[in-house]
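Try each task before reading the solution under it.

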Amino acid sequence: GNSVTQMEGPVTLSEEAFLTINCTYTATGYPSLFWYVQYPGEGLQLLLKATKADDKGSNKGFEATYRKETTSFHLEKGSVQVSDSAVYFCALSAVADKLIFGTGTRLQVFP
Amino acid sequence: DTEVTQTPKHLVMGMTNKKSLKCEQHMGHRAMYWYKQKAKKPPELMFVYSYEKLSINESVPSRFSPECPNSSLLNLHLHALQPEDSALYLCASSVRTGTDPYEQYFGPGTRLTVT
């Protein structure tokens, strides 16, 4: 079946460090891929998306590239800020209305 | 306007109470969703409404009863809940349902505590 695997957290970084959060997926067909972010006490916000192989999604300095050959969609940011501290969820959609989430990765950024 | 609103923000209810959660969007989206999220876990899909009709029920207990009065509004009626139902309840909407996997936009959630 379809599934998403994320690296376990927490990921702890100093401000201005480079961020990578790994995400790999298993799916039949050609899923769309998403990164959502959840700040403490809030709902999920769509951070970026990619709908086909080699697409690069980007938003607020975050990027992720849809790699079909490695079934990956790793999230990267060149210089993190304290305000980026949150839980990040990788998700895929291969069947209408069904978002499959990874377990989430908590990012903690210290000044 | 890309906002999904949910009320109330917090709700405490006893196991014999009846309460309702409300979700609203004015983006013209035709699919709306209810999710349940426990602490440190990803959201779990509960219900999907497509064009105001219930299209997916993920085997949710009958003490949760969804309702979609119109294309902008989604309710979740709660009755005889158990303490293990305490969670963050998230509403989401998307442009439309069908074969294209459109992204979903989430509300801020209602934090429910069952005592």
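**Exercise 1.** Which side chain does Glu58(B) meet in a salt bridge?

*Ground rules.* This is a predicted model, where local features need pLDDT of at least 70 and side-chain atom pairs count only at pLDDT 80 or more, while totals for chains, interfaces and linings use all residues. Residues are numbered from 1 along each chain as its sequence is written, chains are lettered from A and ligands numbered from 1 in the order in which they are written, and side-chain values use heavy atoms, with hydrogens and water left out.

*Solution.* 
- Step 1: apply the rule, a side-chain nitrogen of Lys or Arg within 4 Å of a carboxyl oxygen of Asp or Glu.
- Step 2: the partner is Lys98(A), with 2.8 Å from N to O.
- Step 3: across the interface of chain B and chain A, the rule finds two salt bridges.

**Exercise 2.** Work out how much area chain B and chain A bury between them, and which elements of chain B take part.

*Solution.* 
- Step 1: collect the contacts (heavy atoms within 4.5 Å); chain B puts in 25 residues and chain A 20 residues.
- Step 2: get the buried area, meaning the accessible area (1.4 Å probe) that two parts lose on being put together, summed over both.
- Step 3: Five residue pairs across the interface qualify, both residues at pLDDT 80 or more.
- Step 4: assign elements, using strands as DSSP runs of at least two residues, numbered from the N terminus. On chain B, the ones giving two or more residues to the side that touches chain A are strand E4 (31-37), strand E5 (44-50), E9 and strand E10 (104-106). E4(B) gives the most, with four residues.

**Exercise 3.** Find the disulfides and say what each one ties together.

*Solution.* 
- Step 1: look for cysteine sulfur atoms within 2.5 Å, which is what makes a disulfide here; there are two over all chains.
- Step 2: in chain A, Cys23(A) pairs with Cys90(A), sulfurs 2.0 Å apart. Cys23(A) is in strand E4 (residues 23-26) and Cys90(A) in strand E10 (residues 86-95) of chain A, so the link joins parts 67 residues apart in sequence. The S-S torsion is -65 degrees, left-handed.
- Step 3: in chain B, Cys23(B) pairs with Cys91(B) at 1.9 Å. The S-S torsion for Cys23(B) and Cys91(B) is -70 degrees, left-handed too. Cys23(B) sits in strand E3 (residues 18-25) and Cys91(B) in strand E9 (residues 87-94) of chain B, so parts 68 residues apart get tied together.
- Step 4: don't pair up Cys68(B), because its sulfur is 9.2 Å from the closest cysteine sulfur, in Cys23(B), too far for a bond.

Methods
Polar contact = N/O pair within 3.5 Å; in protein donor to acceptor, adjacent residues only side chain to side chain.
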